[in-house]
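I opened the file to go through its sheets, helices and backbone details. My notes follow in the order in which I looked things up.

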Amino acid sequence: MPPAQPATTTTTTATVSPIRLHLVSREAPHGDFRITGQGTASVRLPEGAGVRSLTLQLQPARAHGGAPLAVGLTVDAKSAVLWLEKNGERYPLASTADPRALLQTGVQQSYWLSLDSNNRRLRFGKGEMLLHLMQLEYAFPETSDPLRLGELAPTLGRVEVRGAGEHPHLVLRPIPVNLDPAPLVVRPEDITLDLIANNSVSVAQNLPKECQLLYANVAGPNIRLASPDFPEFAQAIQYSIVTPGKMCFEQLQKKSKGPDHFSYLRITLDGNLGDSPGQPYVLEIWPAGSRSPIHDHGQANAIIKVLHGQIRIEWFGTLSPDDETSWGHMTAHAGDVTFLTPQYYQIHRLSNPSPYPGGDFCATIQCYRYANKDRQHYEFFDFIDDDKHHVEHFRPDSDWAYLDFKRSIQKEWDEAMRGTQPTA
């Protein structure tokens, strides 16, 4: 199923009646677009920042100068407004009072402003810099433009943030928010004209270098459960999951929080090299009906390949127990590969949609790597604890090492098969 549509936006024609400005402090986080006239600025407010009104504004790059000019966004608890400022007067361009677009006080959330002078549009969104998370849009008029925004926008390149409180995190991206990268990843030889036109898939070589490396390691046809020495591996895992007394069944019972909470298993393949949150390669076993909490990935890059069964992936705009509304989802099947980066699809929930009881398990290989440019590694996955209604920290752990797990499962299976043989 394709992702859900973005929130309804309100676009209004610019009026000629300005709003008088109040003087504000000039001390603010700032930066410059790499390409004048286009880009996206995103500021993440830390939890409990106490911000009441946030403003992101774009000004002419230093080389352009000219009359005082700014285009920007102001969002508070009552409204979100895109505006144009000229010579000390502010003209509203578009606004909305949709609750989904408003400032969320006390929640760690990102707010972004995208300028696309080539396509004559200004966009505002919350969460990751994705079109599906856009909340408000203003299209510059092409024939009647009394404010000359279409003419002035190509000069804008200086970004300033105001009212963001202490320690906001500003990120600048050189392209505007126009087209979301498809979450399903394929090899170059699998791409077609129709897939390009429909934006149905992402080619692995277009992902960040860290994702490319992970993809190259696990996307091959030999990365699968069945192997020459144990072709019944998948059958044996399912047997261990559903049979009392067997290792998967008993471990899942220990991890379960109750009859309605089905846990999953983490089997690590190698050691922690220091370039990923926990071990970089993890085989995860998802019994029918199991699911993860809503969680993020410590700003790491990741590749996820489905080895057996199917997995449902839901994406979220923020990690907050007060806002658990998914903005989109997909179901990946055996052989499918998806990805996440610090910029895209970072917050999600995984679940096995196979019905419980009786449904088949799902197996995925999860691969993680921090960006090479990272100077500080966050060694946790943050998640929403549904019982405590609070965000908690999870340090990636392991139920078994892969080779030990495989040997034990094979021993269980061999014993079960011997027990079913007819006696002489």
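**Helices on the mixed sheet**

I started with H5, which lies across strand S15 (265-268) and S25 and runs at about 120 degrees to S15. The model is a predicted one, and I kept that in mind for every entry below.

Next I looked up the sheet to which these strands belong. It is an open sheet of 6 strands with mixed pairing, in the order S20-S17-S22-S16-S15-S25. I noted strand S20 (337-340) and strand S25 (400-401) at the edges; each has a single partner strand, so one side of each is left without a neighbour in the sheet.

Strand S17 (residues 301-308) pairs with S20 in the antiparallel sense, over 4 bridges. Within this pair I found Lys305 opposite Val337 of S20.

I also checked helix H3 (residues 209-218). H3 lies across strand S16 (281-286), S17, S20 and strand S22 (362-369), and its direction is at about 20 degrees to S17.

**H4 against H5**

How do the axes of H4 and H5 cross? I read off helix H4 (residues 233-242) and helix H5 (residues 247-255): their axes come within 5 Å and cross at roughly 50 degrees. H4 and H5 are therefore oblique to each other. I logged the crossing of H4 past H5 as right-handed.

I listed the residues that make the contact. H4 contributes Ser240, Ile241 and Val242, while H5 contributes Met247, Cys248, Phe249 and Leu252. Sorted by type, the residues of this contact are 6 nonpolar, 1 polar and no charged.

**The antiparallel sheet**

I moved on to an open sheet of 5 strands, where the order is S10-S9-S8-S3-S12 and the pairing is antiparallel. Its edge strands are strand S10 (134-139) and strand S12 (169-173), each of which pairs on one side only.

Strand S3 (residues 38-45) pairs with S12 over 5 bridges in the antiparallel sense. Which residue of S12 is the bridge partner of Ala41? I found Leu172 there.

**Backbone details**

I searched for a cis peptide bond and recorded one between Tyr356 and Pro357, with omega at about -5 degrees. Pro357 sits in the loop between strand S21 (348-351) and S22.

Asn87 went into the notes for its phi, which is near 55 degrees, a positive value in a residue other than glycine. I placed Asn87 in the loop that runs between strand S6 (80-86) and strand S7 (89-96).

**Confidence**

Last, I looked at the pLDDT. The chain has a mean pLDDT of 85, and 84% of its residues reach 70 or more. Over residues 1-27 the pLDDT is below 50, and this stretch has 66 contacts in the model beyond near neighbours in sequence. Residues 374-379 also have a pLDDT below 50; I noted 15 contacts for this stretch, again beyond near neighbours in sequence.

How values were computed
Residues numbered from 1 in each chain as written. Predicted model: local features only at pLDDT ≥ 70, side-chain atom pairs only at ≥ 80, totals over all residues. Heavy atoms only, no water. Pairing = 2+ DSSP bridges. Helix = DSSP H or I, 4+ residues; strand = E, 2+ residues; numbered from the N terminus. Axes fitted to C-alpha atoms, helices over the stretch in contact; angles between N-to-C directions. Parallel < 35°, antiparallel > 145°, perpendicular 65-115°, else oblique. Left-handed = near helix turned anticlockwise from the far one by under 90°. Contact = heavy atoms within 4.5 Å. Nonpolar A, V, L, I, M, F, W, Y, C, P; charged D, E, K, R; others polar. pLDDT = per-residue confidence, 0-100.
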